Number of protein chains: 2
Amino acid sequence: MALGEFDLIRRYFQHPLAQPGVHAGVRLGNGDDCALLQPGPGQVLAVSTDMLVAGRHFFPDVAPRALGHKALAVNLSDLAAMGARPLAFVLALALPQIDEPWVQEFAAGLLALADAHGCALVGGDTCAGPLNVCITVFGELPPALALRRDAALAGDDLYVSGSLGQARLALEALRGRWRLPEAALVRCRQRLERPEPRLALGQGLRGLAHAAIDLSDGLLADLGHVLRASGVAAQLDVPALLASPAVGPDVRALALVQPALALTCVLAGGDDYELLYTAPVAARSALERLGRELGLELSRIGRIVAATDAGPQCSLVDERLQPYALPPGVELKGFDHFA
Amino acid sequence: MALGEFDLIRRYFQHPLAQPGVHAGVRLGNGDDCALLQPGPGQVLAVSTDMLVAGRHFFPDVAPRALGHKALAVNLSDLAAMGARPLAFVLALALPQIDEPWVQEFAAGLLALADAHGCALVGGDTCAGPLNVCITVFGELPPALALRRDAALAGDDLYVSGSLGQARLALEALRGRWRLPEAALVRCRQRLERPEPRLALGQGLRGLAHAAIDLSDGLLADLGHVLRASGVAAQLDVPALLASPAVGPDVRALALVQPALALTCVLAGGDDYELLYTAPVAARSALERLGRELGLELSRIGRIVAATDAGPQCSLVDERLQPYALPPGVELKGFDHFA
């Protein structure tokens, strides 16, 4: 193997955005013991880290360009859920061997998404080992406008962006548990492998939304995190959810033949990388405007209520607030990496 | 396995330093999509990341407490080399399975070092996979005082802190290539498994030193990084180095029977986590004072000179600046994870 660690970094991971003077928030890019970052005046630094492991978060034979994209996308999604603007990231990469075409494709997918969001690759670490991608991402935002998980209030509306369940549907198809038409598989796989972090939405929600979270574990599981952090409960209006654009065409088609699987995909799919957020009723028209501006569907799917004796949990209800009974066979377990 | 991902984090990785209001630089600790960090007035954020892989950076059966210590120590060492003060870190941990006693020991080693340096664990990620520890650390410093690699000037003295080579010597012994007396093995293994990041030294060097780097790859390899970044050359005074406290008692004893291996350990050992730095001649007495205050040996081992046609490289010289010939058998290759 002729190419060493330092050559690899020089050849594929030197990012023009990290060069001196290019990016206001980057005082010093990669090549030193540390990078130096400076949030703008009145801003704090938002930090998140996510590790992707072969066989657990992606198929070992995944296209490297898609993997590069997704590894950064899932981190940017955390910035989006906080309302932060991306600034920079560091990459730690363990590779079984140096396969130059693979690394080139991985870097291309990674840096294309970084460029699209002005997020500079400012440092990292490369070593030999079982394939593992660990990214830590940095964003900036005024601290008072952070969209925290613990800020949901009784009376808030509950929203979700975009559409849910396609990534899970692709996973079911790739694992051979469900057969999808070719065109649907291509669309769903795109959602699984190349999620688009909702950064513009997250920043647009500053000052409008109360709490927000990104959907990585599944709608009900991630909603549970918000409810516990905020000490409130929720009523999820299942008919409103099912009638909304949050159920896209492929999942809607599935629902006609296999409703339990469709509900599993929507309620507990995982890997959606949409935003779930709460906002006061007074923000409804501003949120409609925001959705139109961004060309993004924002679906109102329920409400936040005071926690009862049953604790900070989510009830499934119909349009008359009566309990909604799911058909048998829906799997509602949130995604737990060790479960 | 009864314990899930979220239980694991709640039980072992909730850090009192990351609770609200405890740490001035931590606006929001873990539990949300992002942590929020705020460097002090006039300070920027220094960021570094290091990944440790089983079988490559540590023996798979390493004591978990030592591994927790080392995973953070090697990251703090990068902050030290920049002159930064530790603020916070995030941890991404892939575990083959949840072994509670193992995790408890790992967390104890990790958080004891974090507490010793006021460095708050503010977030992370846990997943199933081949054992892999990835830490990203954050420090703060006034940007004009950063100890950069590209700041060495011709005429500077060249220094190294503490002592070199024991970690490599322990590695040779553990791999069965060299037999060490039991007491020496215990001492050397301590250096390999529980390095102490030179944070007080790094901050003490602000305004005194020009360039600095931490020694992870070996003295000559890391010196090479400084020389290339600064566009200068160096003369390493080998007799001065060998007479100095930079060669500690165990390596000194080795030199009597196996001089080539002793020189390999000192010049290319790796895993030393001492600081190598350059400083103007005018700083000598201030540096002597600093070493006394810290109770740390600071050895002057050469000088920075203008780069010649041969480029930014290091010459080995004797006290009369004549070329110093190493005995046969010294291995000078810098550590490359893919070599």
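These questions and answers cover a cavity, a helix pair and an annotated site in a predicted model.

Student: How many cavities of 30 Å³ or more does the structure hold, and what is the volume of the largest cavity?
Tutor: A probe the size of a water molecule, rolled over the atoms, shows where empty space is left. With the cut-off at 30 Å³, the structure holds one cavity. The volume of the largest cavity is about 40 Å³.

Student: Which residues line the largest cavity, and how many are nonpolar, polar and charged?
Tutor: Chain A gives Val53(A), Pro130(A), Leu131(A) and Asn132(A). Chain B gives Val53(B), Pro130(B), Leu131(B) and Asn132(B). By class, the lining has six nonpolar, two polar and no charged residues.

Student: Is α4(A) parallel or oblique to α10(A)?
Tutor: Helix α4 of chain A spans residues 166–174, and helix α10 of chain A spans residues 259–268. Their axes lie 8 Å apart, at an angle of about 130°. Roughly antiparallel would need an angle over 145 degrees. Therefore α4(A) is oblique to α10(A).

Student: Which residues make that contact, and how many are charged?
Tutor: From α4(A) come Arg168(A), Leu169(A) and Glu172(A). From α10(A) come Leu261(A), Thr264(A), Cys265(A) and Ala268(A). The contact has four nonpolar residues and one polar, and the charged residues number two.

Student: Which residues does the UniProt annotation "binding site" cover, and where is Gly124(A)?
Tutor: The unreviewed UniProt entry covers Gly124(A), Asp125(A), Arg149(A) and Ser216(A). They are spread over 93 residues of sequence and, in space, up to 31.2 Å between C-alpha atoms. Gly124(A) is in chain A, residues 120–128, strand β5.

Key: Residues numbered from 1 in each chain as written. Chains lettered and ligands numbered in written order. Predicted model: local features only at pLDDT ≥ 70, side-chain atom pairs only at ≥ 80, totals over all residues. Heavy atoms only, no water. 1 Å grid on protein atoms, 1.4 Å probe; cavity = no way out; pocket = protein on both sides within 12 Å on 5 of 7 lines; lining within 4 Å. Points joined across faces, edges and corners; volume = space filled by probe spheres on them. Nonpolar A, V, L, I, M, F, W, Y, C, P; charged D, E, K, R; others polar. Axes fitted to C-alpha atoms, helices over the stretch in contact; angles between N-to-C directions. Helix = DSSP H or I, 4+ residues; strand = E, 2+ residues; numbered from the N terminus. Parallel < 35°, antiparallel > 145°, perpendicular 65-115°, else oblique. Contact = heavy atoms within 4.5 Å. UniProt positions renumbered as here; feature names shortened; annotations may be inferred.
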